[in-house]
Amino acid sequence: MEQTFTGGDGSPRDGSARGGSTGSGSTDGAAFASAAAGPGIAKGAVAALADETLDWRFKAAPPESWGRTVREWLATGPTLSGLGTPLLTLDGAALDHNVRTMADWCAKAGVALAPHGKTTMAPELWRAQLAAGSHGITLANLPQVRVARAFGVQRILLANTLLDPAGLAWLAAELAADPGFAFLCWTDSTEGVRLMDEALRAAGAERPVEVLVELGGPGGRTGARGVDAAVEIAAAVLRAPTLRLAGVGGYEGALAHDATAQGLATVRSYLRALGELHGRLAGSYPDGVPPVVSAGGSAYFDLVVEELAALPEALVVLRSGAYIAHDDGFYRGISPLVRGAGGAPFRGALHGWARVVSRPEPQLALLDAGKRDLPFDEGLPEPQLVRGGAELIGTPARITALNDQHAFLREAGDLAPLGAVLRLGVSHPCTAFDKWTAIPVLDSADAAEPKVTGLVRTFF
């Protein structure tokens, strides 16, 4: 696959403009599971990001770029040395590898992918995922859906229950205005069904909203507690004229957080219950469109395929999101591609860059990056190398704490002198992208002098 994240000319590669043909097979507009209409994204809106003028609002943009558009700045051939610290960057080669690897894995497994867009909230990255064959984009709340619609995303899975009357009124109007817009959300209670139906009736909804019955698990997050309860919710959906039962779904990652035998067994047990629920609802779905069975983050998508891919007459949809950037922490240790699920492992595409600004003790250095710059909820950053100096992996050097704007680097000694710039691996991309409105893309973070080939815009 050609390099996707160059950003040089902003030329579109894929997607369809908003309001294209529906091909839904339904008089009510496009259905999420329909294969007839492509997922769509407005090429022009994504390409226009290259025409945004850079200035002080973007903390990764150096003063030399201010007053220039992204396209104009990239044309000057910027390099990593011209960027300040603290900094977060993306490795373009690793991004391409990860997008291609996940797309190929899903195609071989015979499942669809609607990557979780809340990881990046970056339409340019969504476009690359859709171009690689993703069925649609998953999102977590209505503000995120509005961002996606602003960029013309045509097939959206909201992995959440939507009960806000004002939000439902907006959704009803959006569906009515664009027959090609396919939208799917969750419900996990009969009372939630009642509230959705009530709000949609009040809004004069013209198209029914497709919903998945969400199955949860003991001690987990949202979702019906038990298959019997979920069947009752499905019956309520079938009675609600403003809703359409489209399938079942849930999130296994809320029930386990490791790859121990016990953790994997817990995930398998949950997925089997989800398959049982699908079987209990067979025959309840509208004709003409296959039901959706959706699960799978970036930690256990292999188990989702093993337990659910063979379900009859179902479109199994994975919602993995973190894979596109992967990491050098939590996902590096738990990824199915490390646990033997086939395919080349994902590559860590996110790197922090921080400068030694103080050495108050021989074995303590303070770096100029902290909680406002780098993720820390799933593990502290990993010192990897000193620019133009030593490799730090395999040495005692480690980050032991983050303050708002400082990192505590211990046991690096003279390997990290005052003024040195360190590359840091990070853990958990979902809490990295939100700290940066524009993230430079490097041709390779391993190069002696990485070139800046793009600037990924985020919308949180």
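1. Two strands count as paired if DSSP finds at least two bridges between them. Strands (E, at least two residues) and helices (H or I, at least four) are DSSP runs numbered from the N terminus. This is a predicted model, in which local features need pLDDT of at least 70, side-chain atom pairs count only at pLDDT 80 or more, and totals for chains, interfaces and linings use all residues. Residues are numbered from 1 along each chain as its sequence is written, and side-chain values use heavy atoms, without hydrogens and water.

2. Strand β6 (residues 209-214) pairs with strand β7 (residues 243-249) in the parallel sense, over six bridges. Glutamate 214 has glycine 249 of β7 as its bridge partner.

3. Eight strands form an open sheet with parallel pairing, in the order β2-β9-β8-β7-β6-β5-β4-β3. Because β2 (112-113) and β3 (137-139) stand at the edges with a single partner strand each, one side of each has no neighbour in the sheet.

4. Helix α9 (residues 261-281) and helix α10 (residues 301-308) have axes that come within 9 Å and cross at roughly 40°. Axes are lines fitted to C-alpha atoms, for helices over the stretch in contact, with angles from 0 to 180 degrees between N-to-C directions.

5. The chain averages a pLDDT (the predictor's confidence in each residue, from 0 to 100) of 93, and 93% of the residues score at least 70. Over residues 6-27, however, the pLDDT is below 50. Where pLDDT is low, the predicted coordinates should not be read in detail.

How values were computed
Contact = heavy atoms within 4.5 Å.
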